[in-house]
Amino acid sequence: MSHPGTPPSARLTAAPPPSVKVRAPGKVNLSLRVGPLADDGYHPLVSVFQAVSLFEEVTATQARDGAGVSLTVEGPQAEAVPLDESNLAWRAALLLADHTGISPDVELHVRKGVPVAGGMAGGSADAAAALVACDALWDTGLARAELLELAGQLGSDVPFCLLGHTAIGTGRGHLLTPAMTRGEFHWVFGASETGLSTPAVFSRFDELTSGAPASNGLDDDTALMQALRAGDPTALGAALHNDLQEAALSLRPELARALEIAGEANALGAIVSGSGPTVAALARSRQHALAVAARWTAEGATDSVWTTTAPAPGARVVS
Ligand code: C5P
């Protein structure tokens with residue numbers, strides 16, 4: 001409809017601000033071997049990470065000049081996620097802006113798809129997704145290696161959420177080498193409504209090992225790496241390992257029952273995921289994964305169950 005006398009520009013609806021949506025995966029540690037606490041407050045570790053097809057989705061929308069960062073969150077357990085600068089996605093936007101000299105004016109919207117505070121790197125996936133989304137939104141031109149470096153400053157698991165697939169992590173877990181795998185693995189995750197604090201689990205680990213853990217490195221994971229290369233889920237199930245499991249179980253004894261039930265349901269292997277409290281079971285097939293999930297639900301062993309496949313790609317722009 002025409003409006004005589006109104007200039008054409010005033011009749012046009014303003015274009016929506018530019019926006020980028022990025023998806024980043026959660027992870028499971030197929031193996032997690034932890035050394036003694038170092039002077040920097042971290043434990044050196046050797047871990048085999050696998051990204052799973054449970055994704056966090058972060059949308060970054062350009063905000064007006066000087067608006068700063070804002071954050072909204074939706075999805076399961078969204079109420080447990082901080083909405084301020086303590087949120088890793090928020091910190092990712094600030095870090096990237098600071099590094100590139102860009103004004104950090106962005107609205108971040110997070111859609112949760114990974115259990116919160118569950119040892120599956122959901123918060124780290126948010127940071128990885130926010131980094132990639134803001135990087136694309138602001139067209140920074142940073143190399144992938146620079147983004148990985150920034151990711152490592154945000155948290156030990158953030159670089160892996162950027163990279164995805166399967167990788168061996170050393171250092172704090174942030175120095176990554178991609179690992180070769182074949183085929184698709186079927187996972188079941190049992191999450192708890194109450195998360196576990198990663199530092200608390202590491203401290204319990206220190207107490208239990210009296211500061212002198214037995215871990216002797218990646219040699220222990222030869223069978224695991226072979227299983228991955230062969231795409232052999234039975235061998236992979238038998239090779240799963242988590243040095244933090246005993247610490248997580250001592251803080252949450254009821255998780256032991258979930259692991260036992262997975263065994264009764266013939267899971268190929270079952271472990272606490274990372275620092276927990278999520279438990280992970282490897283299944284033969286999608287049907288088998290659903291059967292394990294049904295047992296956990298029927299016995300009330302976990303608050304929620306999630307079935308998925310792995311490996312999954314790292315953080316990438318979806319629109
Ligand atoms: O790196 P991120 O911030 O995720 O680590 C959270 C906490 O977990 C650290 O402050 C530290 O207490 C513990 N941690 C550790 N050794 C690692 C990774 C994390 O002790 N390799």
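## A guided tour from the ligand outwards

Begin by selecting the ligand together with His-43: a polar side-chain atom of His-43 is placed 2.7 Å from an oxygen atom of the ligand. The model on display is predicted, and the distances given in this tour should be read accordingly.

An N or O atom in the side chain of Ser-156 is 2.5 Å from an oxygen atom of the ligand. Then display the backbone of Arg-172, where an N or O atom lies 3.1 Å from a nitrogen atom of the ligand. Taken alone, the ligand exposes 450 Å², of which the protein buries 74%.

Now widen the view to the residues around the ligand. These are Gly-41, Tyr-42, His-43, Leu-45, Gly-155, Ser-156, Arg-172, Thr-198, Pro-199 and Phe-202. Colouring this shell by class shows four nonpolar residues, five polar residues and one charged residue. Which helix supplies the largest share of the shell? Select residues 198-208: this is helix 6, and three residues of the shell come from it.

Leave the ligand and turn to the charged pairs. Side chains of opposite charge can pair when their charged atoms come close. Across the whole structure, a search finds 14 salt bridges. One of them can be viewed by selecting Glu-57 and Arg-111, whose side chains meet at 3.7 Å, N to O. Glu-57 belongs to strand 2 (residues 45-62) and Arg-111 to strand 4 (residues 106-111), so this pair ties together parts that are 54 residues apart in sequence.

The last stops concern the backbone. Most residues other than glycine have a negative phi, and most peptide bonds are trans. Select Asp-139, in the loop between helix 3 (122-137) and helix 4 (144-154). Although Asp-139 is not a glycine, its phi is positive, at about 50°.

Proceed to Gly-276 and Pro-277, which are joined by a cis peptide bond with omega near 5°. Pro-277 is located in the loop between strand 9 (269-272) and strand 10 (279-283).

Finish at Ala-310 and Pro-311. Their peptide bond is cis, with omega about 0°. Pro-311 lies in the loop that runs between strand 11 (304-310) and strand 12 (316-317).

How values were computed: Residues are numbered from 1 along each chain as its sequence is written. This is a predicted model: local features need pLDDT of at least 70, side-chain atom pairs count only at pLDDT 80 or more; totals for chains, interfaces and linings use all residues. Side-chain values use heavy atoms; hydrogens and water are left out. A residue is near a molecule or strand if one of its heavy atoms lies within 4 Å of it. A polar contact is a pair of N or O atoms within 3.5 Å; within protein, one must be able to donate a hydrogen and the other to accept it, and residues adjacent in sequence count only if both atoms are side-chain atoms. Accessible areas come from the Shrake-Rupley method with a 1.4 Å probe; for residues, only the protein chains shown count as cover. Helices (H or I, at least four residues) and strands (E, at least two) are DSSP runs, numbered from the N terminus. Ala, Val, Leu, Ile, Met, Phe, Trp, Tyr, Cys and Pro count as nonpolar, Asp, Glu, Lys and Arg as charged, and the others, Gly among them, as polar. A salt bridge is a side-chain nitrogen of Lys or Arg within 4 Å of a carboxyl oxygen of Asp or Glu.
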